[in-house]
Structure formats: C-alpha cells, structure tokens
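Take a look at the structure below. We will walk through its cores and its sheet, step by step.

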Amino acid sequence: MSDNVKNRVIEIIAEQAVIDPSEISPATTLEELGIDSLGLVESIFSIEEAFDISVPFNANAPEQSDFDISSVGAIISSVEGLVADSGHA
Amino acid sequence: MKRVVITGQGAVSALGMSAAATMEGMREGRCGIGPLDIVDVERLSIQIGGQIKGYDPAAQFSRQELVLYDRFTQFALLAGREAMFSSGLVVSEELAPDCGVILGTAGGGLQTQDENYRTVYAEGKNRVHPFVVPKLMNSAAASHLSMAFDFRGACYTVASACASSNHAMGQAFHLIRSGASTVMLTGGSESMLVFGGIKAWEGLRVMSNDGCRPFCATRNGMVQGEGAAVFVFEEFEHARARGAQILAEVIGFAMTSDASDIVTPNMDGARRAMLGALRDARIAPSDVGYINAHGTGTVVNDRTECAAVRAAFGALADELLISSTKSMHGHLIGGTGAVELLACIMAVKDGVIAPTIGYEKPDPECNLDVVPNAARAAKVKVALSNAFAFGGLNAVIAVRAV
C-alpha cells in the first residue's frame, strides 16, 4: 500500500510540475519544482480525489497546517497517515 | 477630444473561428444554428442553438491554462489573439500602462458553474476543483486578456444582459476619447449553451425551437448562440503614427434606460439611444445607411425596435437598411453586440450589408428594409449597432469608414 501512495503522490506532483515522475525524489521540494501556491492547492485537490481523504491545509497559513509540505517525502508521509486514518486503504 | 479607431478584430462564433470566417458567413447568409450537442440535451425542450462545433480546447491551450479558462474565457482569448495579431500592435514598457481591457458578458463562467453544480448537487460530491472561483468569475476573461498582452491600465467587465458588449465597447471608446487610455481591447464573450443556461431561458417562453427569424411574420422567438468578438480600439494619432490598418472609426455612443419593465422593451428608450448616438457623433439621421438591429426574433422586440427606428428616423427609415445577424449566429447574450459590430464594420468598410436570413413572410409591424435572406452591396457612410437588453438597458454605437 505504501508504495502505491508514494507513487501516486509523485505522479500527481509530477503532472503539476509538467515533468516525468522519475525526476522526483522524496527530498525534492515544491519550490525546486516551480509549484506555486495555486499549483499546490490544485495538487492537494488531486490528492484528496485520488485517496478519498480530506487534507487539513489552509492556504492562508500553510505553516500552521497539520499537513507538512516541506518536501515531496514529507507530503507522502502526511498522505500515508491520512490514508491510514481514513480506513480507505 | 481624441478620435478613436478600430485597428484589430477577432472573433469566434457559430459562423467560424475567426473574424474573417464570421464575416464570410454573414456575407453568404449562412445559418450557424443547429442541433445542440451538450450534456442532458434530451431534458431540454429547446434543443437548437448557434453552438461552436468541432472546437478542440486542447489544441489551443495547455492543460495548465485550461484548468483556469472557462469556455467564455477561451473564446475571449482566441478572439483577443486574433485582434492583437491583426492590429500589429507592439506593447512597449512605455505603452503598457495606457492599454486596458473592457469586456462584456452576461453569464461569465457558466460552463464552470453548471459543471460544478452538477458535481455537488446531482452527483452529491463534497469537493470541487480549487479553481472554480477564478474560473467562473465574470471578470476572468478580461484579466486573462490583460495578462496575455501585458495591458496594465483599466481592466474590468461590464454586465448589462444583452447589451453588455455594447456598454463595454462604449466605455472603451469613452476612455480613449477622453485621453485616459491609448489602446483598449474590448468586446464581449458568452458561453451560455449549457443545460442550466438554456433551462433558465426556457422558463421565459421566448425561445424558438425551430429557428431565429427576426422581423418575419412567422417568427416565434430567439435562439441562443455562443462565442466572442474582441477589437483593438486605438487613439487615432497613435494608430496613424505607427501606420496601423484602420478598419473603421468609432464616432458615437449613447446609453439609455427604459426605466419601465424588467423584460418588456420600451420604444422610447430605444429611440432615445439611437438619437443619442447620432448626437454624440455630431451627425444627422440622413448620414446613417445601415443599422445592425438588436433583432432577437421575439414578437415584442422586433415590433418595438422597428417602431423606435421609425420614431427616430421618420421618413428616412424607409431608406435605411436594417438587418439582424442573430438569424445566423444566434443571440450571444452578453457577447452579441461585439460579434454584431463585425457586420457594421463590413458595411462601412466593404460596402456589404449582412442579411436577415430565414425570412419567409413580411410582418406589417416590421415594414422596414430588413435585407431579407441575401447580403446586399451598398455604400454606407455610417452604421449603427443596436443593443436593447432585458431590464431596459439600451446601448447604441456608431461607426464610420475612415
């Protein structure tokens, strides 16, 4: 399951950045990928749709959100946690 | 006061995917109205429209752009690109703050609203795409035009129902004439051919289910269309200094309100708007050779409009040519005046009068020369474009050849 989450999140982020998923590693940051605030909000929407979860993220105060967006790896871990909590896995 | 000329034009409509194609359709008297191809069409009692067919958004815009562009924005951008290209205008760092955008639309991002209402109401989903708001807002098309061409001056959208485009173009004319702006991208866009958009109109029972036949005794209502037209309005000396092509000069504009009824038109408001445009242009009624009518094909509009023309022009009304191109491209609601300005440019520049097609039988209450069924050659000094909207909002523009 974990690999599925990881691959799917990377696919979503890669689509947003218009690059190949193979160019993304867990250490990559959204900034490096050129994903701006609108792109981030759209990525979160795609993640919610893909995993049928609700992501706690407020674009007004990203640093206060429970959802860690500091790197692709951090996003994957957060999504894994939300998926486990949701029981959809 | 500055003079204002039109130095670029672009359009997409049921008649074609450019201004040239749309004007060619008008010259040929072609009908762009046909069966609608939209979601849930089988639940509509009105199933015809002037729909743009065979258009592939992905061939024109990237995925990143399309998540932000409602169909009405796409139309405005396609028309805007063509208008800018045809004008040959280069927007320098110095010129950019003096360039603006004013567009008309009645419904704005209705495709986006319709799709997302379906998602949350019909499909019961609790989440919509994050860009629904920036995609559906009425001013989105104007904003995207300003971004696409670096127009950094006045930028906004006008909504006055079926007169939106004329009000928008009139405001653009005013800004340049007063010296407040040098160049304006202006016109209008509409994409109301969605289930909810047509269902709402059905309720008023003013729609035809077999065709738009303005001024004809057998007319039975309006038919909706979709599309956009965008023009480059430019201060005359600026255009001349750069050797720009000049398609026509905008010489007058007037607005009136009937102040009487939310749907039924009032003859006097329409009459005052036409006379106001002549006064503003400092010309005599005898200077006008062609009127592009509002001509919706409803019993009441066409009768009232003809009476207003008679009241404004007196005996001269019998010498005027007046046609409704809605018979070909449908009623583009907030975008309609923009597409119809093309017919006025064609009249003064090329000497070709677009016809009123579908005309079968004279109506004694519309006994003007409505240029039935076939285009006509005529030398026209000044053309008027009428727009008489629901709520009694009237806006008339006057153009002449340069």
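**Cores and sheet**

Start with one residue, Ala229(B). Leaving out residues up to four places away in sequence, Ala229(B) touches Gly10(B), Ala11(B), Ala19(B), Ala79(B), Gly187(B), Gly188(B), Gly335(B), Ala338(B), Val339(B), Leu341(B) and Leu342(B). Keep in mind that this is a predicted model.

Now step back to the core around this residue. Ala229(B) and Ala277(B) have the most contacts inside the largest nonpolar core, which has 130 residues. Helix H14 of chain B, residues 336–350, gives the most to this core: ten residues. There is also a second, separate core, with 14 residues. Among them are Ile12(A), Ile13(A), Ile47(A) and Ile76(A).

Next comes the sheet. In general, strands of a sheet pair through backbone hydrogen bonds, either parallel or antiparallel. Here, ten strands of chain B form an open sheet with mixed pairing. Trace them in the order E5-E4-E6-E7-E1-E8-E14-E13-E9-E10. Which strands stand at the edges? They are strand E5 (155–158) and strand E10 (321–323) of chain B. Each has a single partner strand, so one side of each is left without a neighbour in the sheet. From one strand to the next, the twist averages 25°.

Strand E4 of chain B, residues 99–104, is joined to E5(B) by four bridges, and the two run parallel. Leu103(B), for example, has Thr157(B) as its bridge partner in E5(B).

Finally, look at what packs on the sheet. Helix H11 of chain B, residues 267–281, touches strands E8 (248–257), E13 (382–389) and E14 (393–400) of chain B. The direction of H11 makes about 140° with that of E8(B).

Conventions: Residues are numbered from 1 along each chain as its sequence is written. Chains are lettered from A and ligands numbered from 1 in the order in which they are written. This is a predicted model: local features need pLDDT of at least 70, side-chain atom pairs count only at pLDDT 80 or more; totals for chains, interfaces and linings use all residues. A nonpolar core is a set of buried Ala, Val, Leu, Ile, Met, Phe, Trp, Tyr and Cys residues joined through C-beta atoms within 7 Å. A residue is buried if 20 or more other C-beta atoms lie within 10 Å of its own, exposed if 12 or fewer, and partly exposed in between; C-beta atoms are placed from the backbone. Two residues are in contact if their C-beta atoms, placed from the backbone, lie within 7 Å. Two strands pair if DSSP finds at least two bridges between them. Axes are lines fitted to C-alpha atoms, for helices over the stretch in contact, and angles run from 0 to 180 degrees between N-to-C directions.
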